[in-house]
Every structure is written in C-alpha cells, then in structure tokens.
Amino acid sequence: MIRLPKRFLILATLLSILIPAMATAEEKADSTEEAPAEAPGVTDYISMDPAFVTNVGKPGNKVTYLKAAVTLRASSEQTRPAVEAHMPSLRNALVMLFGEQTDADAITTMDGQKALREEAKARINKILEEQHTGVSIDGVLFTEFVVQK
C-alpha cells in the first residue's frame with residue numbers, strides 16, 4: 001500500500017508540470033497559425049540590354065573603349081516595373097557615368113570596378129527617388145566588363 005501513494009504522488013506531480021506546458025504549447029501553435037507567414041526574400045535581376053559601349057580615358061589620348069553589360073539586383077517585386085518605366089533615364093545616367101571615367105587603368109582594378117558599381121547604384125537610386133517610385137535597387141552587377149586600350 002505504501003507504493004500506491006508514492007506512484008500517485010509522482011503521477012500527480014508530473015501531470016501538474018505537463019498540463020500547463022501543453023497548454024502553453026497549444027497557445028503558441030494557435031498564435032503561429034493566425035499570424036501570416038513571412039514572405040521569402042525576393043531577388044529580381046533586371047538586365048539593362050543592350051550592353052553599354054563608350055570611350056573612356058583622358059581626351060586627346062589614344063581612344064580607349066569600355067564595354068559593360070549591366071544587371072540590376074532588386075529585392076522587391078515592385079522594382080522591375082519602375083526600372084522599366086524609367087529605363088531611358090537610367091541608361092543615360094550610366095552612359096554619362098561611364099563616359100566620365102578618365103583613368104582607364106583604375107577601372108580595370110577590382111577596387112575601381114567596385115567604386116564604379118557603387119556610384120552606378122547611387123545614381124540609379126537617385127533617379128528612382130526623384131521620380132517618386134518608392135523603390136530602390138540593391139546592387140549593380142557587371143556581367144561583362146571589357147576595357148580595350
């Protein structure tokens with residue numbers, strides 16, 4: 001008879017611990033079912049076709065050409081329509097940027113290309129902001145980059 005009360009006491013203790021824990025788990029499950037699942041990250045690559053071809057370097061020197069194929073990286077589904085709507089202005093900004101490059105040797109280095117990508121991103125985002133699109137791009141990628149001296 002002594003064993004029965006000990007077992008009963010152990011069982012009662014376990015139930016008093018498990019029942020509140022189970023209720024908390026059910027509440028958490030209910031709250032996650034009601035909350036909408038977060039949308040997975042969107043990555044959209046927008047190609048700026050055709051590739052850019054422009055002369056670079058100091059005026060009066062031997063003509064040096066730059067050919068750059070550019071793709072924009074965006075993380076919003078609303079970015080593509082805005083970029084496509086303003087593509088002529090965005091392409092113009094990049095043509096001007098590439099044409100401003102006077103040091104052809106600098107843009108052939110990794111640091112030079114990185115700086116050029118960052119400046120391109122800043123100019124594109126500035127245009128998108130000026131046009132009140134409410135979107136911006138996350139990055140500029142060079143999918144082709146050739147400097148011919």
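**Exercise 1.** In this predicted model, work out which side chain Glu100 meets in a salt bridge.

*Solution.* Start with the cut-off: a side-chain nitrogen of Lys or Arg has to lie within 4 Å of a carboxyl oxygen of Asp or Glu. The side chains of Glu100 and Arg123 pass, with N to O at 2.8 Å. Last, check the cover: Glu100 has a relative accessible area of 42%, and Arg123 has 22%. Buried means under 20% and exposed over 50%, so both count as partly exposed.

**Exercise 2.** Find where in the chain the partners Glu144 and Lys67 lie.

*Solution.* First the contact: their side chains form a salt bridge at 3.3 Å, N to O. Then the elements: Glu144 is in strand β3 (residues 139-148) and Lys67 in strand β2 (residues 64-74), 77 residues apart. Both are partly exposed, Glu144 at 31% relative accessibility and Lys67 at 33%.

**Exercise 3.** Work out how Arg80 and Glu84 are placed in helix α2.

*Solution.* Begin with the distance: the closest N and O atoms of this salt bridge are 3.5 Å apart. Now count along helix α2 (residues 79-85): the two are four residues apart, so about one helical turn separates them. Arg80 is partly exposed at 28%, and so is Glu84 at 47%.

Note on methods. Residues numbered from 1 in each chain as written. Predicted model: local features only at pLDDT ≥ 70, side-chain atom pairs only at ≥ 80, totals over all residues. Heavy atoms only, no water. Buried < 20%, exposed > 50% of the residue type's maximum accessible area, 1.4 Å probe, protein only.
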